[in-house]
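Thanks for asking me to look this one over.

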There are 2 protein chains.
Amino acid sequence: VVATPDQLVITQGVTQGIALACIALRSRGVERMALEDPSHRDEREIVARAGMSIVPVPVDDHGIDVTALRRTGAQAVLLTPVHQFPTGVLLSPERRAELLNWLGSGDRYVVEDDYDAELRYGGSPIGALQGLRPARVIYVSSASKSLIPALRLGWLLLPSEFVAEVAEHKRYADLGSPSLDQLAFADFLARGEFDRHLRRLRVPYRRRRSALVEALEEHLPDANLLGIPAGLHLAVELPGRDEDDLCRRALNASVNVTGLATHLIKARRPATLLIGFASNRPDVLREAVAQLAATM
Amino acid sequence: VVATPDQLVITQGVTQGIALACIALRSRGVERMALEDPSHRDEREIVARAGMSIVPVPVDDHGIDVTALRRTGAQAVLLTPVHQFPTGVLLSPERRAELLNWLGSGDRYVVEDDYDAELRYGGSPIGALQGLRPARVIYVSSASKSLIPALRLGWLLLPSEFVAEVAEHKRYADLGSPSLDQLAFADFLARGEFDRHLRRLRVPYRRRRSALVEALEEHLPDANLLGIPAGLHLAVELPGRDEDDLCRRALNASVNVTGLATHLIKARRPATLLIGFASNRPDVLREAVAQLAATM
């Protein structure tokens, strides 16, 4: 990212970051916000509460379909480029180029939710779109996935002409975020502990992810696994199955999975289970997949 | 107050509490919010951002003028009954009775900011209006004045039919307040430490308040002191003076005071300085008043 302190507004997590971004865009006359389809279902509600209408844009194996985005005529789009939620797809270099091209050809904005950027398990880090077009990208991130969601500590990196308005709106929404938590987090960052924490975190997460991938390959060999390179969950496509039925069976076997369908707007996708791996040990994950497979 | 856990929504301080109360009232068709005149200037902005218009109602030595409130036809009023901000006036028993009468005669609501209720220096505690009419009062409070503003920890006590909507709005605004801070505060409360803290706090605050009152009586004998029984500041009326001029003189003497006029909506009042005493030792307060008086 390209960041100076005077571009930053501290938020209560990504939810408030997106909400403030939407309010700022709406007050500049942006009436329609394009969303990835699928995307986190809460986003629709956050965008709608800011007074904008929602324009779904399909996601394929290369990320958002920029040609389809262009056709919508929407002036702004909310993206999760590094680990698309919920599919786990990485926005391909070609699509990034198309997106920058789209951005450059009018009064347009990207709201970039840099979701899971710190939790990549291989390859080089992915730069933020914000770093390439800071005047057109509102960057949103938080410590929720990488450190602890209970902190509710996030940050917005804003084009300079948005800063005063967003800070003012934050002021009248809650008079600012808790400063003790910010001071503790700043100290944690300054001492290099956050970087060390991330490096330490990736070791068990990588092990848990591998255990889940191997168990799925063994027990559900027809599954198509998405989102492996980063994050805290896999999207497990099971073509030809009924997603609701799969979720019911999982629940009956005491295996906690979510169906992807709840995050679809208009798109259709094969039956897909979202399976989190970060909070369970490898043996628990293997046992869960075996139980899940036994119910099918 | 009359409180059960299912009436509570935890907020980011009183600012978010009032903002959520306004949004809930607005969505029930309340279009105009009566405010005490004077009242904290931020309130006007919070109410306006919720899409409501503002109706000022004068405050006298007995608190808000309920006859004037009734004449406005407003359906809701935002009050600081225990220590009216910024005048420090206590809502008199007669006015409380009139207010409850007003509340009972239609589809009306009070938003009660229980400001400074824990920081009274004499007399018995003042019960909240909410305790008398829980179905018609939205109660707002926080740990900001009594413990630490940096926590941003507040709470709403809501009529039951408002709870689900307010909680949902809070969810899409910021996905909830930091839970570590809530757990720490709950532990602090459960162990009786919050009560002990308040009792301890009143000792130096009472001493500082007395030092300020005595110094003002000595150096500015024509001043009229309001708000003595509670809180963290005095309102010092200096009739016949020019408030802006007084503030400039104070600033030049390195004495940090605020003029009351910034909190007036339409009302007129004599020149009044708001002087905080909580964060300064008695000798500092005496010195400050002497310096202030010397500039006049």
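**Notes on the model**

1. I'll start with a loop residue worth a look: Ser254(A) sits in the loop between α8 (243-252) and β11 (258-259) of chain A. Although Ser254(A) is a residue other than glycine, its phi is positive, near 60°. Ser254(A) counts as exposed, with 68% relative accessibility. Please keep in mind throughout that this is a predicted model.

2. Leu175(A) also has a positive phi, of about 60°, and it is not a glycine. You will find Leu175(A) in the loop between α5 and α6 (179-190) of chain A. Its relative accessible area is 43%, so Leu175(A) is partly exposed.

3. If you check omega angles, chain A has two cis peptide bonds to visit. One joins Asp37(A) and Pro38(A), with omega about 5°; Pro38(A) belongs to the loop between β2 (32-37) and α2 (41-49) of chain A. Another cis bond runs from Phe85(A) to Pro86(A), with omega near 5°. Pro86(A) is in the loop between β5 (76-79) and α4 (93-104) of chain A.

4. How are the two chains related? Chain A can be laid on chain B by a turn of 180° with a shift of 0.0 Å along the axis, giving an RMSD of 0.0 Å. The two copies are thus related as by a two-fold rotation axis. Of the interface residues of chain A, 100% are also interface residues in chain B, so the copies meet through the same surface.

5. On to the aromatic residues: the count over all chains is 12 aromatic pairs. One of them is Tyr109(A) with Phe162(A), an edge-to-face pair at 5.3 Å centre to centre and 75° between the planes. Tyr109(A) lies in strand β6 (residues 109-113) of chain A and Phe162(A) in helix α5 (residues 160-174) of chain A, so this pair ties together parts that are 53 residues apart in sequence. Tyr109(A) is buried, with a relative accessible area of 6%, and Phe162(A) is buried at 0% relative accessibility.

6. In chain B, the ring centres of Phe85(B) and Tyr115(B) are 5.8 Å apart and the planes stand at 90°, so this pair is edge-to-face. The pair links distant parts of the chain, 30 residues apart: Phe85(B) is in the loop between β5 (76-79) and α4 (93-104) of chain B, and Tyr115(B) in the loop between β6 (109-113) and β7 (137-142) of chain B. Phe85(B) counts as buried at 15% relative accessibility, and Tyr115(B) is buried with a relative accessible area of 11%.

7. What angle do α6(B) and α7(B) make where they pack? Helix α6 (residues 179-190) of chain B packs on helix α7 (residues 193-219) of chain B at about 75°, with the axes 5 Å apart. That makes α6(B) roughly perpendicular to α7(B). From α6(B), Phe185(B), Phe188(B) and Leu189(B) meet Glu193(B), Phe194(B) and His197(B) in α7(B). By class, this contact has four nonpolar, one polar and one charged residues. In chain A, Trp155(A), Phe185(A), Phe188(A) and Phe194(A) form one aromatic cluster.

8. Lastly, have a look at Ile275(B), in strand β12 (residues 272-276) of chain B. Ile275(B) is buried, at 7% relative accessibility. Beyond its neighbours within four places in sequence, Ile275(B) is in contact with residues including Leu212(B), Leu216(B), His233(B) and Val257(B).

Terms used:
Residues numbered from 1 in each chain as written. Chains lettered and ligands numbered in written order. Predicted model: local features only at pLDDT ≥ 70, side-chain atom pairs only at ≥ 80, totals over all residues. Heavy atoms only, no water. Axes fitted to C-alpha atoms, helices over the stretch in contact; angles between N-to-C directions. Helix = DSSP H or I, 4+ residues; strand = E, 2+ residues; numbered from the N terminus. Parallel < 35°, antiparallel > 145°, perpendicular 65-115°, else oblique. Contact = heavy atoms within 4.5 Å. Nonpolar A, V, L, I, M, F, W, Y, C, P; charged D, E, K, R; others polar. Least-squares fit on C-alpha atoms with pLDDT ≥ 70 in both. Phe/Tyr/Trp six-rings, centres within 6.5 Å; stacked < 30°, edge-to-face > 60°. Buried < 20%, exposed > 50% of the residue type's maximum accessible area, 1.4 Å probe, protein only.
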